[in-house]
Every structure is written in structure tokens, then in C-alpha cells.
Amino acid sequence: MNQHDLLNIRHASLADAKTAMSDLLKSRPSHYSLEAPLYNDPHMFRIDMEEIFQKEWLFVGMTSEIPKKGDYFTVEIGQNPVLIVRDAEGKVNAFHNTCRHRGSVICSEHRGKVANLVCPYHQWTYDLKGNLLFAGTEMSKDFELKQHGLKSAHCKTAGGFIFVCLAKVAPDDGFDDYLATLEDYMEPYDVENTKLAVESTMYEKANWKLVLENNRECYHCSASHPELLNTLLEWDDTEDPRASQEFLDHYAEQSAQWDAEGIPHEHKSFGEVQRNRIVRMPLKKGTQVMTIDGSTASDKLLGRIKNRSLGSMRILHLPNSWNHMQSDHFIVFRVLPISAQETIVTTKWFVHKDAVEGVDYDPENLRKVWDATNEQDKVLGERNQMGINSIGYQPGPYSETYEFGVINFLNWYAHTMQKNLAGS
């Protein structure tokens, strides 16, 4: 496909764009970056939203954000407002945040607490399971409340993580196997007894895939992330082809301590094309957690953890999350697209629920490393997008050692997109 054909994609119909996307993905060399329309074309972006973000399991938040009955938070998945709420039995439910009367958003705040879900437009009232309780007295005599409950979204939890899927039928590609392992690996942290300490939201003028690509390699870290590299080892996981003997010896020493404490740490991957990965990695010798100097972030350890040198358990969930679980706090990242060239990255830091701000932890110390890293990555992503928008851009090769994580992500994306396009 030549440059003239690529430019014409911008003016194609959605159906034509789907055909063009399928052709681009089928013909792509797996170790090269994507063609420009896959990073900047509005038609291609709409397909990403319909075939990935409206059909796949997405990470949205943590159960400890909504610890009690009636606690809720909201999230925007493209043009789909979604409401996550805990009901009276303690179950976490997900609903489309749109009233069954005239479609108004019901909960407009980012988070809050309610006894029932009341639409502010005409006061239609739903319980925490989405059942319609009240629709006024103005409806016709044959109106049935039970037929007008909130529309639910698929929702699953494991290890304190909340995932939703907006598809009519949620995919079953081994996701439950991942959730079972996630439950096991997260057990030491006792997430239900943690609390949200700090949250940041970053707006990035870059395609969501560029945000993920940047995260999936540390090839750029030495030149761009001095704060992060005070504690982080550049190896992606224990199977990193670049890993030195010194690192392997360090890992063996640390993992023996983890085994003694019953802390899971072995590399686990899931998916026909790796979608989920969990692995515990040591931090640099002499450091405990991801603070500027590597020392304590919170005086209270999480769950049953006793060893402050627990390293970082890295959890990857494609298409929209990576996470770092440490001894005294953990950090979760959520990526949600806005448009073909705009993305929101949300970062949340959690500590023990009994930790007292200003006594047991300093929020600025807690967040300083990743605030700096996120801002640095924002600059890199936006520069990347600007260059790709140029008529001089053409796909370039990835390093199969330094950027194997990026290759894996794009292989997953291409595989999943083609599978979903074939079924749509």
C-alpha cells in the first residue's frame, strides 16, 4: 500500500476503513511500528473503540476505592459513561451510567456515596443492583418498573482489581485463569484493607497505542527517567533476554527471601498472544520502594507483608493498564483513549487503610517519582505523535531485545483486532 493509498484512508467510509485496517494489520512486519493511520486516523480510532475498548476486558479501578455500600466511582470509556458501585451485599456492580427514561447521565461526579441511584433529570430512582424503584406517577398504567432497570456491563473482580467489559457477550479467552492467578498473587496485600491516597490524571496528546508502546520498553529510560532509575532495574521481567548474570543472582537472592515469607513471585503469562503478565521483580540493591531515595514511603506495611525489600510485582493488562505492587504501597495505571490523538492516563497510589497522611506517609514523597516519570513520558509520547503525523513518517524497526515488550503488545493488538473484525 503506497502513501497515496494511506492518505485516502482518511476519507473512506467506516466499512472501507475496517477493510483497510485489516489489510494493514495482515501485511505488517511484526517487528516494525504501525502505519500512520493506525496512530492518527479518526476512522481507525473509531474501530479501535468499537473492536477493542467496547469488546475486551478493561481495568477500571480497585475495590478499595468503594469500600462500603453505596460507594461509587465513574469512568468514561470513549462515549460510554460507566458507573461502578458496591451494593448492600458487598458485590461490585457495573452499569451504563445512562437513565432508562431519557438517557441522562445519572451520576455526574467522579466518585461519591448514595443510598439509591437517582437521575437528576426526572428523579427516576434505581437501587444499587440497578432495579428501577420509582418512575413517578405520570407513566402509563401498563408501565412496568422491572423492564426498565439500568443496563449492566460485565464486571469481574480479582485481587482487588475491577474489570469491566461492554460487549454483549464477554470474551472468554482464558481471562478467568488470569484472574485466579491474580487473586493468588495479590493475597499478601489484602487490598480490601487499603485506601486511595493520591490520584492524578494526565492528558496526553498522543494515540493510546503510543502510550502503551512507551510503557512496554525501557530502552528510553536511561536518557529520560533519572528519578525512576534511582530504584528501578531496566529489565522488563525475569525472562528479559538482556538480563545479566548479576541481575539473575540478585533475583535469586531476593526470591529466596520471598519464598521464605510465602510471597508469590514467578513469572506468569496468559493469552494466546500474551495479554496479561504477572512477575515480581527486585528493585536496585539497597532500595525498598519507588521513592526518590528508595526508602520507606509509608510506615505501615500492606497486608501480611513483613519484608520491606519486596521489590515490585509488575502486573500488565492489555489494552489499558500496568501496575507496581510494593511492600508499603502500590500504584495502578489506567489508560483510556479520548480521540485518535488524545489519551487520558490515570495514576493512583494506595496505602494501608490505617496509614495517616502526614504521620505515616507524605503524599508528595509517595508520588514524586511517578509524577516526574509520567510527565517525561507525556513529552516523549507527544513528540512521537507529532513525528508520526508527518508525511515523512514510515514504520521503523523495533529492537527485538530492548523492545520485545512493544512487539508483544502490537502482536496482541493485531491478533485481537483481526479476530474481532472477523466476528463483527
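Which residue forms a salt bridge with Glu199, and how far apart are the closest N and O atoms? The partner is Arg111, and the closest N and O atoms of the pair are 3.2 Å apart. Please keep in mind as you read that this is a predicted model. The chain is assigned two stretches for domain 1, 1-55 and 192-423, while domain 2 covers 57-165. The points below begin with the contact between these domains and then turn to some local details.

**How the two domains meet**

- The centres of domain 1 and domain 2, taken over C-alpha atoms, are separated by 29 Å.
- Domain 1 brings 25 residues to the contact, and domain 2 brings 20 residues.
- Between them the two domains bury about 1700 Å², with 57% of that area on carbon and sulfur atoms.
- Which three residues supply more than any other three of the area that domain 1 buries against domain 2? They are Glu192, Arg334 and Leu336, and together they supply 27% of it.

**Polar and charged links across the interface**

- Three salt bridges are found across the interface of domain 1 and domain 2.
- Eleven residue pairs are in polar contact across this interface, with both residues at pLDDT 80 or more.

**The domain 1 side of the contact**

- Helix α4 (42-53) supplies at least two residues of the side of domain 1 that touches domain 2, and so does each of the strands β11 (194-204), β14 (312-317), β15 (321-325), β16 (330-339) and β17 (342-352).
- Strand β16 gives the most to this side, with six residues.
- By class, the side of domain 1 that touches domain 2 has 13 nonpolar residues, along with six polar and six charged ones.

- One of the salt bridges is formed by the side chains of Lys18 and Glu51, at 3.7 Å from N to O.
- Lys18 lies in helix α2 (residues 14-27) and Glu51 in helix α4, so this pair ties together parts that are 33 residues apart in sequence.

**The disulfide**

- The count of disulfides comes to one, and the cysteines joined are Cys218 and Cys221, with an S to S distance of 1.9 Å.
- Is this disulfide left-handed or right-handed? The torsion about the S-S bond of Cys218 and Cys221 is about -110 degrees, so the disulfide is left-handed.

**Backbone details worth a look**

- Most peptide bonds are trans, and most residues other than glycine have a negative phi.
- Leu318 and Pro319 are joined by a cis peptide bond, with omega about 20 degrees.
- You will find Pro319 in the loop between β14 and β15.
- Gln123 is not a glycine, yet its phi is positive, at about 65 degrees.
- The loop that holds Gln123 runs between β6 (117-118) and β7 (125-126).

**Leu301 and its surroundings**

- Leu301 sits in the loop between β13 (276-281) and β14.
- Which residues is Leu301 in contact with, leaving aside its neighbours within four places in sequence? They are Lys306, Arg308, Ser327, Asp328 and His352.
- For Leu301 and Asp328, the C-alpha to C-alpha distance is 4.3 Å, although the two residues are 27 residues apart in sequence.

Methods. Residues numbered from 1 in each chain as written. Predicted model: local features only at pLDDT ≥ 70, side-chain atom pairs only at ≥ 80, totals over all residues. Heavy atoms only, no water. Domains from an automatic or database assignment. Contact = heavy atoms within 4.5 Å. Buried area = accessible area lost by both parts, 1.4 Å probe. Salt bridge = Lys/Arg side-chain N within 4 Å of Asp/Glu carboxyl O. Polar contact = N/O pair within 3.5 Å; in protein donor to acceptor, adjacent residues only side chain to side chain. Helix = DSSP H or I, 4+ residues; strand = E, 2+ residues; numbered from the N terminus. Nonpolar A, V, L, I, M, F, W, Y, C, P; charged D, E, K, R; others polar. Disulfide = S-S within 2.5 Å.
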